[in-house]
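Reader: I'd like to go through this one and ask what the labels rest on. Can we start with the ligand?

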Amino acid sequence: MPTIIEKIFQKHSEDKVEVGKEIWLDVDLRTARDFGGANVVKNLLENYEGNYIDDPSKTFFTFDCNAPANTIGYANNQQICREFARQNGIKVFDVDRGIGSHVVMEEGLAYPGITAVGTDSHFNILGAIGAFGQGMGDIDIAFVFKTGKTWFEVPPTVKVNFIGMPSAPWTAKDLALLCVKELKGKVLGKAIEFYGEIIDKLTLDGRITLASMVTEMGGIIGFIPPNKEVIEFCKNRSKREFEIIYADKDANYEKEIDIDVSKLEPLIAMPGNPANVKRVRDLPSIKVDSVFVGSCTNGRYEDMKMVANLLKGKKIAENVMMKIVPATREIWKKMLYEGMIKDLFDAGAIVSHCGCGGCASGQIGMTGRGEVQVSTSNRNFKGKQGDGDTYLASPQTAAISALTGYIAGVDEIES
Amino acid sequence: MKLKVEGRIWKIEKEGKLIDDIDTDMIYHNKYLHILDKKEMAKYAFSNLEGWQDFPKMAREGDIIIAGENFGCGSSRQHAVDCFLALGIKAIIAKSFGAIYKRNAINSGLLVLECKDIDKANLKNGDYIEINLENGEIKKDGKVVAKTKPMGRVQTAIYKAGNLFAYAKSL
Ligand code: SF4
């Protein structure tokens, strides 16, 4: 019996969907961001003559990497996209709007069961709402813009069962880091489906956090079967009916992996490798220079709320610089209207405009050599966020580290 | 299609071991992402990979790269493929590839081949090898030293056509 990805693919393909086979796939939602977008345009102009876009109503640009552009390169590339978009009737979610993969959910353009692609390697984040999303390079995306189709090798699916419930305080990020550690090397090029009591407890924001790090696990996509909250959200936003795709009971998984989460607690990935995950409390005392809260992994409202609650009425440690970047303008607005911005400001943090921010040398700056940064992002490969050493952790751990001035978990703070 | 590919090899290794998890920032750092000219991209191939920063100066047209597991993991940037094409790299053999990287390479007509046992093939930097794309055999001095996984249907078709756009015209 088919797995979730196989069912979604079969609904979008005339070819027979079989694991390991290459099929042609109809793509419902086609996007390019400021990163790669100009190259998509270039590919289209070089390879076709007019008539570049299969369906403008399904095609979008989303600018998020560097928003607003702070390098001439990004500024030029964004303008190339804008002009192409105007000429071809494509809507642009410009630098004001936030991270593209989140904007398409907020806008109701992505909903359960669809297929979507973008020039963003974390576009598989849409697994959080039970949709197929995939990041691709600019040649692939140009081809999809033009034809509405893409080729794809049907990946096998691995079923991940989370066993037990943690008794210690945990966050979705700690769960995601645990998965990167446990699944790295076991899911390369495969789809994942996540199940277990802990999944049922995850909010939409938590699901986004988990799904966003499937890329770091090496997987193609991680599906989290939608619960009531997700279905309601997507219905409200998309204003349409959709079929929710669940796997059959005896779906043909390549393998099942059980992960015990009963001892889950605050975790942290050591600099240079998202899979080098340790317990926060096992770390020696490490002085922190800067803290970044944001990214497609942890730039959600709940993440911001968690940090604001911890920081409210307090001051971050002296000599710590804390940068906060909400994922989207919608989240920014809520933070503003609910007074969170004031709380964060008073605590000494910098709250920046929405987008990817500090994740990939974006608008909020980078780290310098020797700088120790605690980041809520998803990657800490050498050089990605600058020359410094970046640790990956939850917003909770990040906020506590900002307050104490060294990397610290939840048990090291008085409430 | 040229069914035989031959060339001089570069084993991307550290302390005698093929490097695993070479990500797209090590291949082509994000600070050069605004570059649109492929010739220019060639200058930065591996420029953020310790010990291999001089690769663009050492590589020659027609060379073959050999790497470890999960080559090209990370971001979806096409630059990380284009920089090798611009250098004239003919093929990359790795134990495994990041999924997006593999697609990007296939679509651009850069030959990417998976070979789990490539480190057991007893090859040294500067050796010449010959790859038979039909049966996957890798030969050195006429002797088979390893075997790659066969290419898929679409991969073969795109490679034959040159790249994805050329292939699409033939559909
Ligand atoms: S936040 Fe970082 S990982 Fe996420 S989409 Fe932006 S650049 Fe990519």
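Author: The shell around the ligand takes at least three residues from each of domain 1 (4–153) and domain 3 (268–409) of chain A, with domain bounds coming from an automatic or database domain assignment. This is a predicted model, where local features need pLDDT of at least 70, side-chain atom pairs count only at pLDDT 80 or more, and totals for chains, interfaces and linings use all residues. Residues are numbered from 1 along each chain as written, chains are lettered from A and ligands numbered from 1 in written order, and side-chain values use heavy atoms, without hydrogens and water.

Reader: What makes a residue part of the shell, and which residues surround the ligand?

Author: A heavy atom within 4 Å of the ligand makes a residue near. Arg33(A), Asp120(A), His122(A), Cys356(A) and Asn378(A) are among those surrounding the ligand.

Reader: How do you know that domain 1 and domain 3 of chain A are in contact?

Author: Contact means heavy atoms within 4.5 Å, and 19 residues of domain 1 of chain A meet 17 residues of domain 3 that way. The two bury about 1400 Å² between them, 54% of it on carbon and sulfur atoms; that is accessible area (1.4 Å probe) lost on being put together, summed over both.
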